[in-house]
Amino acid sequence: MYKIYVKILCQHSRYIQKFLLVMKLAAIILIATFMQVSAATFGQQLTLNQKKVTIDEVFRQIRKQTGYDVLLIGSKINTENTIDAKFNQAPLKEVLDNILSGKELSYTIDDKTIVIREKEPTIFDKIKSILSQITVTGKITDEKNQPLPGATVQVKGKSNVTIADKDGVFNLSNIDENAVLIISVVGYEKVEIPVNGKTTINISLKAKVSALDEVVVGGNVVPITRRADINATDVITSQQLENSPVQKLDQIFQGLVPGVASPDRGSVSTFNGIGLSIRGSNGIASPTPIKVYIDGIELAAGSTFLENFDKSLIDHIEITRGPSASTLYGSGASSGIIQIFTKKGVDINQLNLQVSGGTIESKYIKGPVFQQVHNISYEGGKKDAFTFNIGGNYSTYGNYIPDADEKDRSIFASAKSVGGPVQIGFTLNYSNVDNGVGTNPILSDNIYPAAVRNIDKVRYTTNDRLLGTDLNFKFAKWWQNTIVLGQDYQEWISKSTLPTVTKTYNYYDYQYNTSSIRYNNAINILPDSSAFKFNIISGLEYKYLLLNTVTATGTSAPIDGSGTYSSVGINRQPQKSTGYFIQLAPSYKNVLFFNAAVRFENNSLFGNNYGTAVSPRIGVTGNFHIGNDLTLKPRITYGKGTTPPQLYYKTGSIGATSVILPNPDIRPQYQQGFDYGLDGFLLNNRLRFNITYYNQKAKDLFVEPSLGKDTLGRALYQYTNLQSAINTGYETELTYHTQHLNFTGTFSIINSKVGDLGANYTGTYVTGQQLVGTTNRTAGLNINYSFFKLFKGDAGGAIAMNLSYMNGVYTYDYLGYYKYAFGHDGDPRGSNLNNYLTTYQPVTKLQLSMNYRLNQKLSCFFQANNLTNSNRPEYQNITPLKGRTMLFGIRSALNFKQQ
């Protein structure tokens with residue numbers, strides 16, 4: 001048998017050799033064929049050099065340059081993603097590997113088609129996925145805790161999807177514990193929620209609000225949407241206030257609000273808020289205080305002491321520019337108004353804490369000095385029932401000039417109660433600022449004689465006590481009523497030692513006390529379903545303001561105000577004001593809005609023969625959609641507002657060196673004019689702009705011409721109405737925002753000049769001269785960028801930059817005047833202060849703020865103001881200003897709500 005096998009094998013060996021030869025040749029041919037195909041495939045080359053090119057564009061170039069088609073299978077690739085393409089005759093394989101790097105995708109090439117599909121998971125991946133799957137349930141509600149039935153809940157990147165039931169409850173089974181849920185419903189903002197292993201997730205969605213549907217009060221006593229607002233109104237949010245490194249509230253507006261100028265008057269100056277102006281000045285000598293409301297309660301001294309208000313308790317601020325607000329808010333609002341709305345708490349029990357410290361740099365002392373700013377508040381309650389917010393502030397600022405110091409203290413409380421058609425609000429605020437000015441280094445080093453240097457000591461104390469309540473109730477759905485009761489007491493005390501050879505002690509105490517009651521109601525005559533709507537707003541107001549002034553001068557009294565004074569003066573200036581208004585506001589299809597209103601007001605400080613002041617306003621605006629993505633909102637408004645004279649303008653006053661003669665017939669001054677505006681909204685409301693041109697004229701301005709001297713050698717003056725002022729200008733604002741970037745730019749041209757002087761004028765002003773205390777250009781650039789997380793969880797950060805520009809204030813060269821007065825030079829301008837009017841150099845300031853949230857409970861921040869360390873004078877060149885300031889701190893929000 002063996003032999004047979006051997007024989008057979010031996011006989012067929014030649015056939016086996018031939019078979020093996022054929023196999024080798026076949027293998028060689030196949031390999032050659034594959035190599036040829038591979039060379040044909042991967043030998044294809046692509047050339048593309050372009051930054052931020054979409055993957056879709058890369059695929060188009062592949063088709064164009066190689067002739068290969070691309071087929072996508074699956075949903076894990078987004079062709080709108082961008083890459084930086086740097087391919088120079090790169091093989092097709094290299095291009096595909098680059099595009100798909102880091103993605104759960106693979107590719108194959110079939111003939112001339114590139115097929116890209118999702119990678120098949122391994123057995124290990126499948127087992128891991130099964131073990132990590134969980135079931136997630138939850139409830140979807142709106143901001144009022146009402147269920148949102150029909151809301152869609154989908155697992156991101158998967159086909160798992162469910163719909164919330166009639167109670168807003170959803171259930172999703174077999175999803176990965178690290179999945180991300182996408183929740184969406186018509187009319188609400190879509191959100192993405194990481195599961196993070198949680199089996200119960202409750203979500204509250206915010207309603208989508210377009211820019212035109214944002215609610216403002218502005219120059220109206222009731223909230224309205226922006227689409228219906230005829231006024232030029234800006235809003236500063238609590239987030240902007242928090243990011244601002246400026247601690248003094250009167251300085252917040254610089255660069256943020258067009259048409260508003262707020263030069264830094266320095267801590268050693270008095271009545272800092274008087275320097276705040278809107279659209280120039282409606283007074284001949286200097287800007288008058290702006291009318292300010294806190295939760296509808298009028299501040300007794302307006303913006304005079306606005307810097308003392310704690311910004312941490314503010315929810316938002318609204319600034320209405322121009323005289324049209326006077327129709328609803330009364331005399332004193334002819335330049336515009338500022339409305340501050342405080343935080344009323346949220347429906348959680350939460351303790352908010354800020355602890356911070358930093359430095360103040362100064363050219364007047366060596367080395368930086370310490371500052372600290374601390375806030376604490378507790379908010380809680382139940383939404384749509386009762387919420388509250390209570391807290392306080394403690395801040396100190398070191399001696400950036402010799403012997404100076406400052407302490408700020410405040411406490412506040414606010415609450416809101418809602419029950420059916422009735423809503424009650426409550427506001428309480430107390431603040432105290434104790435400011436030791438010390439020695440003015442500018443005057444001591446350059447002006448005062450050696451015998452009296454370093455003895456000028458001043459200490460200011462400011463107190464503010466505000467208490468108010470508001471009641472909102474509806475007799476019917478179409479009839480809303482509001483009553484606001486308020487009382488505000490503001491006091492400014494100055495104790496000073498003047499630099500004279502024989503020391504002179506001065507004591508001043510200014511007390512502003514106002515009580516007011518305001519009632520208004522809004523009636524919607526036509527039903528909501530009607531294309532035409534007709535709203536009527538009417539109201540009345542009574543206000544009593546008492547200004548007490550106590551002055552004392554002596555040579556033997558210490559600085560604390562005790563002791564014996566050689567002269568003491570007490571001046572009481574009561575003011576009673578009664579006003580009532582009515583406004584008609586018809587509209588058509590929520591597109592065209594018309595507004596006509598008139599106010600009648602009587603004030604005890606109006607001249608004896610003046611009678612009733614009438615303040616009308618009329619305006620129209622519309623919302624016009626152009627194409628799919630542009631809405632234009634033109635607006636035209638005319639308004640008129642009055643400003644009453646001071647009591648001593650009517651009654652006169654007698655001083656040691658001057659006498660003001662009485663003028664019982666002095667009239668109030670008033671300002672009237674037009675606003676022409678255009679607002680635009682595009683790119684799905686990401687881009688907004690507004691342009692406003694205004695032309696206003698102030699008449700019957702208060703002036704104080706000299707009437708010579710009396711028999712005792714005292715200078716005689718008498719206030720009267722003679723002059724007019726013209727305020728014209730342009731205000732522009734551009735805002736752009738994306739998911740991570742917010743950009744705002746403002747630019748304003750302000751022309752505030754002397755108008756007709758009248759035939760009887762004998763003073764030094766001339767027609768066309770810029771009004772004292774005003775500037776003619778302001779600008780601002782504000783950029784806020786939210787950067788990506790550096791850590792897991794809720795971590796995230798933001799950086800904000802603010803650049804403000806003010807083109808010099810037209811005011812007095814006090815330094816030159818003081819030099820002449822103290823005999824340092826023979827200045828040809830002489831002893832008349834009006835000869836020292838000049839324009840200060842432009843001032844640019846840079847601010848920086850950085851905030852990083854470590855988690856929902858803790859964040860840290862850094863803020864820097866005046867980064868360029870500018871010491872250029874802004875309002876008075878004898879006032880030392882702070883240099884660069886820096887603040888470092890942490891904020892904590894501890895939630896005590898029971899889970």
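## Confidence

The protein chain has a mean pLDDT of 83. Of its residues, 87% reach 70 or more.

Residues 1–13 stay under 50 in pLDDT. In the model, that stretch has zero contacts beyond four places in sequence. Residues 30–42 also have pLDDT below 50. This second stretch has ten contacts in the model beyond near neighbours in sequence. Where pLDDT is low, the predicted coordinates should not be read in detail.

## Helices α2 and α3

Helix α2 spans residues 55–66, and helix α3 spans residues 92–100. The two pack at an angle of about 165 degrees. Their axes lie 12 Å apart. The angle is over 145 degrees, so α2 is roughly antiparallel to α3. The crossing of α2 past α3 is left-handed.

From α2, the contact involves Ile55, Val58, Phe59 and Ile62. They meet Leu92, Val95, Leu96 and Ile99 of α3. By class, this contact has eight nonpolar residues.

## The β9-β6-β12 sheet

Three strands make up an open sheet, ordered β9-β6-β12. Its pairing is mixed. Strands β9 (169–176) and β12 (203–204) are the edges, each pairing on one side only.

Strand β6 covers residues 133–141. It pairs with β9 in the antiparallel sense, over six bridges. Val136 stands opposite Leu172 in β9.

Methods. Residues numbered from 1 in each chain as written. Predicted model: local features only at pLDDT ≥ 70, side-chain atom pairs only at ≥ 80, totals over all residues. Heavy atoms only, no water. pLDDT = per-residue confidence, 0-100. Contact = heavy atoms within 4.5 Å. Axes fitted to C-alpha atoms, helices over the stretch in contact; angles between N-to-C directions. Helix = DSSP H or I, 4+ residues; strand = E, 2+ residues; numbered from the N terminus. Parallel < 35°, antiparallel > 145°, perpendicular 65-115°, else oblique. Left-handed = near helix turned anticlockwise from the far one by under 90°. Nonpolar A, V, L, I, M, F, W, Y, C, P; charged D, E, K, R; others polar. Pairing = 2+ DSSP bridges.
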